[in-house]
Each structure stands twice: as structure tokens, then as C-alpha cells.
Amino acid sequence: MTDVTTKATDAAITPARAGWTGFVAAGFALTAVVAVIRWSLGFLTDLDAPARTIAGFYDFFGAERTAEAVRASGLGAGSNKAIIAVVALVVGVAGVWALFISANTIVDRLSETWSTRLRPWVFAGPAVGLLTVFLVYPAFNTIVTSLTEDIVPMATAVTPEAAASPDVLEAMTAGHERVHFGEYWLNGANFEVAAATVSSQSGDSAVLLVLTGDTVRTIGLSHYSFVITDPGMRIALRNNLIWLILGTSGSVVLGLLIATLVDRVKREALAKTFVFMPMAISMVGAAVIWRFMYYWRPPGQTQIGVLNAVKTGLGGEPTAWVQTPPLNTMALIVIMVWLLTGFAMVILSAALKGVPAEIVEAGRIDGASEPQLFFRVIVPSIRPSIITVATTIFIAILKVFDIVFVMTGGRFDTEVVANRMFTEMFRFRNYGRASALAVVLLVVTIPIMVINVRNLRRQGVES
């Protein structure tokens with residue numbers, strides 16, 4: 001009886017020990033994977049890391065002279081990029097797999113209740129974390145930057161004289177030529193908020209002065225005022241509106257037309273391939289291609305641009321397609337329509353094939369003509385797909401930058417909001433204005449996303 005009891009006790013203890021052993025092993029594995037991923041992030045951002053790593057391998061195998069030579073001269077640019085690419089691939093693929101496997105193993109060792117609670121976070125948690133770090137936080141920071149004056153009309157660091165005063169902001173603005181103190185909104189020990197007025201050549205503007213610790217920030221709406229009042233920004237906003245109307249409608253209408261036509265030909269797949277092929281080209285590549293299409297030389301010279309060569313061959317005069325407003329904006333929109341028509345065609349062609357044949361036949365029996373069938377039966381049936389395609393193209397065109405940057409750089413009245421944002425940030429180093437333009441694009445995108453989500457939900461309810 002004692003032997004039986006002892007064996008039963010050992011049998012009960014052994015799985016428990018095995019479970020704890022697996023739990024500890026998975027914990028060590030998870031810690032090691034996190035450490036390797038953290039090391040790889042530092043490795044990828046350090047240009048000298050590949051040379052140090054190679055030199056360390058040489059030291060390990062006893063080749064000290066070669067290691068010193070590598071440290072002294074470094075590696076070539078190609079070798080550095082190749083090593084960094086290999087580390088990124090190995091850690092990015094194998095590291096992520098190991099991270100999920102080890103975390104899932106730990107969750108398996110927990111009780112059923114905790115396992116059920118934590119397992120979704122094992123898979124969704126990293127994605128939520130990445131979205132928070134690389135999307136939510138940058139969006140919030142962009143909004144804050146858009147409200148912060150880039151050219152602060154007063155010192156950002158608290159002076160010793162002002163620090164000794166109980167009202168630091170008021171002391172900071174005392175005697176200032178351009179900043180006039182208004183009233184306090186909050187007046188704490190290390191946090192103060194006060195209204196003020198800033199005088200400039202364009203007039204007076206109301207701002208908020210915010211003291212946090214030893215730093216003063218000027219918060220105002222001057223960057224958004226610039227977006228509305230600046231003549232160059234008015235041109236950019238006008239061009240964006242033209243892009244959105246003509247680009248979106250042109251892509252959707254052409255895509256729907258081509259999808260309807262190729263649906264009735266024998267070699268449908270071949271026809272769709274030619275229309276969809278531009279989608280494989282990047283916007284920069286498409287802009288380079290169309291530069292040769294639009295290339296212009298003065299009259300009397302040989303025209304190497306396809307359109308001007310054809311036009312002069314027919315006896316006409318060459319046209320400066322890219323340099324002549326507003327013709328140049330239309331010419332750039334053609335490039336975007338050429339790229340996106342294939343996308344619209346593929347989606348809408350699939351939607352057309354999903355229209356029940358019984359509905360179409362019933363319309364024919366009732367005496368409807370082909371145009372009436374198309375506009376009153378087929379189009380209403382695929383309306384959710386048309387809305388989805390239109391909103392997707394709308395957002396893509398709203399952010400258009402590559403085509404304008406490559407073709408004109410924003411010159412000749414072709415400026416758009418995204419191109420102006422790039423110019424303000426990287427050429428003028430005016431981060432506040434660039435952030436304000438980014439916020440404008442974000443605000444315009446939100447209603448379109450709401451429409452898209454509602455449309456998708458409606459499709460789910462109807463199906």
C-alpha cells in the first residue's frame with residue numbers, strides 16, 4: 001500500500017515539476033529573445049556596429065591583426081548595408097516567431113482562466129504596442145507640434161531673475177517688446193498657463209504661454225492661420241481639391257467602364273493584365289515615365305517627348321505640358337488616374353460578377369434597355385463596392401506627393417498640401433507649419449474613413 005501511494009505521489013509531482021520546468025525554460029527563452037531584439041535595434045541604428053561585430057569574430061578566432069585592421073579602416077558601404085540587411089531579416093523573421101512561440105508556451109503553462117485572458121494579448125499585444133508607438137504617439141505629438149510656435153518670440157529657458165518670482169511667466173514677459181502679458185489661467189508651483197499677445201508685422205495674435213519646469217512654450221494657432229491665409233497655400237488647397245475631384249472620379253469611372261467592357265470579351269484576363277500593369281509601377285517610376293511623355297523643347301528643335309513629337313508631326317506647335325498652368329495640374333492628374341484605374345477595375349469587376357443574373361434578366365424582361373439596366377440595376381447593386389473603391393482612391397490622392405515632387409517640385413502652380421508639408425519640414429525646417437499641414441490631411445481623412453467603415457458595416461448587415 002505504501003509503495004502504491006509513493007508511486008502515485010511521484011506521478012503527481014513529476015508533471016508538476018515538468019510544467020514548472022517548461023514554464024521557467026519558456027521564460028528564459030522569452031527574455032533571451034527580447035534581449036536579442038533589443039540588441040538588434042541598437043545594431044541597426046549604429047553604422048559602426050557591423051565593423052565592431054566582424055572585428056569581434058576575428059578576435060574570437062585569434063586573428064588580432066585582422067581585427068585591428070577592421071576596426072581602423074572599417075567596412076565598405078556595401079558590406080555594411082549587407083550585414084545590416086541580414087541582421088534585420090534574421091531577427092525580424094526568426095525573432096518574431098521565437099517571441100510568439102515562447103510567449104504562447106508561457107501562457108499554456110498557466111491556469112485555464114489566465115490562459116484565456118492572456119492569450120489574445122500574446123498575439124494582439126505587440127501589434128497594439130507598435131501601433132501606439134509608431135502611429136498614435138506620433139499623431140498626438142504632431143498635433144502638439146502644430147500648436148507650438150517654431151519661432152518663439154521669447155526665451156524658452158527661464159531666466160534666474162524670473163525663476164525667483166512667484167509669477168514666472170509674467171516676469172518673463174515684463175519689458176518684452178513683442179510679447180505682452182494678459183492674464184493667468186493656471187498658476188502653480190512648476191506649471192503655469194497664461195494668455196498673452198504677440199505683436200508682429202502681420203498684426204497681433206493671441207497665444208498661450210505654458211511653463212513646465214524650466215521651459216516656456218508658446219502655444220498658438222498661427223500655423224493654422226498660415227494654412228488658410230497664405231497665397232501659396234491657397235494654391236495648394238485648390239490643387240488638392242482639383243486632384244480629389246478629377247482624380248477620384250476619373251479613376252472610378254474609367255475602372256467601372258473598363259470592368260464592364262472586359263467582362264464581355266473572350267480574353268478578359270489578358271485585357272485586365274494590360275490595364276492593371278501600371279499598378280506594379282511606383283509613383284516615382286510612373287512620374288519618370290511620364291516626364292518623357294510630356295517633355296517639351298522650344299519650337300524648331302527635335303521633340304523627344306512622345307506627345308509633342310506626335311503633335312509636331314501632325315503640324316502643330318509643341319506644348320509645355322508641365323510648365324503651363326492649369327494644364328500642368330491636369331497632366332499630373334492623368335498620371336494618377338493611369339496608375340489607379342487598374343485597381344478600381346479589378347475590384348469593380350469582381351463586384352460586377354457578383355450581381356445576380358436573375359435581377360438582370362428580370363430587368364430585360366420588363367423592357368429595360370442596356371443603359372437603363374446598367375444605371376438602374378447594376379450600379380445600385382454594386383454601390384457598396386463603388387464607395388469602398390472611391391474612398392480608398394480618395395485617401396491615396398489626398399496624400400499625393402511623389403508625382404508632384406518628381407515632375408515639378410511644386411513649381412508652376414502645381415503645389416499640393418503634401419508637397420508643401422515636405423518643403424516646410426525639410427527645406428525651411430519649420431516643423432510647426434509642416435505639422436499643421438499633416439493635421440489638416442488627418443482631419444480631412446477622418447470623415448472618409450467613417451464613411452468607409454459605415455459602408456463596410458452596412459455590407460455586413462445586408463449580407
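Predicted model: local features only at pLDDT ≥ 70, side-chain atom pairs only at ≥ 80, totals over all residues.
Figure 1. Gln372 belongs to helix H15, which covers residues 370-381. With a relative accessible area of 36%, Gln372 is partly exposed.

**Figure 2. The salt bridge between Arg364 and Glu370.** The side chains of Arg364 and Glu370 meet in a salt bridge, with 3.2 Å from N to O. Both ends of the pair fall in one class of accessibility: Arg364 is partly exposed at 36% relative accessibility, and Glu370 is partly exposed at 38%. Elsewhere, salt bridges that share partners join Asp263, Glu268, Lys272 and Lys353 into one network.

Figure 3. Is Glu268 buried or exposed? Glu268 counts as buried because its relative accessibility is 16%, and the limit for that class is under 20%.

**Figure 4. The salt bridge between Arg71 and Asp59.** Side chains of opposite charge can pair when their charged atoms come close. Arg71 and Asp59 form such a salt bridge, and their closest N and O atoms are 2.3 Å apart. The pair links distant parts of the chain, 12 residues apart: Arg71 is in helix H3 (residues 64-73) and Asp59 in helix H2 (residues 49-60). Arg71 is partly exposed, at 41% relative accessibility. Asp59 is also partly exposed, with a relative accessible area of 29%. The count of salt bridges comes to 10.

**Figure 5. The nonpolar surface patch on helices H9 and H13.** Which residues make the nonpolar surface patch of about 420 Å²? The patch is made by Leu241, Ile245, Leu246, Leu327 and Met330. Helix H9 (231-262) and helix H13 (327-353) each supply at least two of its residues. The largest share, three residues, comes from H9. Leu246 is found in helix H9 and counts as partly exposed, at 38% relative accessibility.

**Figure 6. The cis peptide bond between Pro325 and Pro326.** Pro325 and Pro326 are joined by a cis peptide bond, with omega at about -5°. Pro326 is found in the loop between helix H12 (306-313) and H13.

Figure 7. Thr391 is found in helix H16, which covers residues 383-398. Its relative accessible area is 7%, so Thr391 is buried. A polar atom of the Thr391 side chain lies 2.9 Å from the backbone oxygen of Thr388. Not counting residues up to four places away in sequence, Thr391 touches Ile448, Ile451 and Asn452.

Figure 8. Phe412 is a residue other than glycine with a positive phi, near 60°. Phe412 lies in the loop between helix H17 (402-407) and helix H18 (417-427). Its relative accessible area of 35% makes Phe412 partly exposed. Arg429, likewise a residue other than glycine, has a positive phi near 60°. Arg429 is placed in the loop between H18 and helix H19 (431-462).

**Figure 9. The whole chain as the setting for the close-up views.** The chain has 19 helices and four strands. Why does the chain count as more spread out than a compact globule? The radius of gyration is 32 Å, well over the 23 Å that the globule rule gives for 463 residues, so the chain is more spread out than a compact globule. Along its principal axes, the C-alpha trace spans about 100 × 85 × 60 Å. Of the 463 residues, 32% count as buried. The chain exposes about 27,800 Å², and carbon and sulfur atoms supply 67% of this area. Among contacts between residues at least 6 apart in sequence, 61% join residues at least 24 apart.

Key
Residues numbered from 1 in each chain as written. Heavy atoms only, no water. Patch = residues over 30% accessible without salt bridge, like charges linked within 9 Å, V, L, I, M, F, W, Y side chains within 5 Å. Areas by Shrake-Rupley, 256 points an atom, 1.4 Å probe, with all protein chains shown as cover. Salt bridge = Lys/Arg side-chain N within 4 Å of Asp/Glu carboxyl O. Buried < 20%, exposed > 50% of the residue type's maximum accessible area, 1.4 Å probe, protein only. Rg over C-alpha atoms; globule rule 2.2 N^0.38 Å. Contact = heavy atoms within 4.5 Å. Polar contact = N/O pair within 3.5 Å; in protein donor to acceptor, adjacent residues only side chain to side chain.
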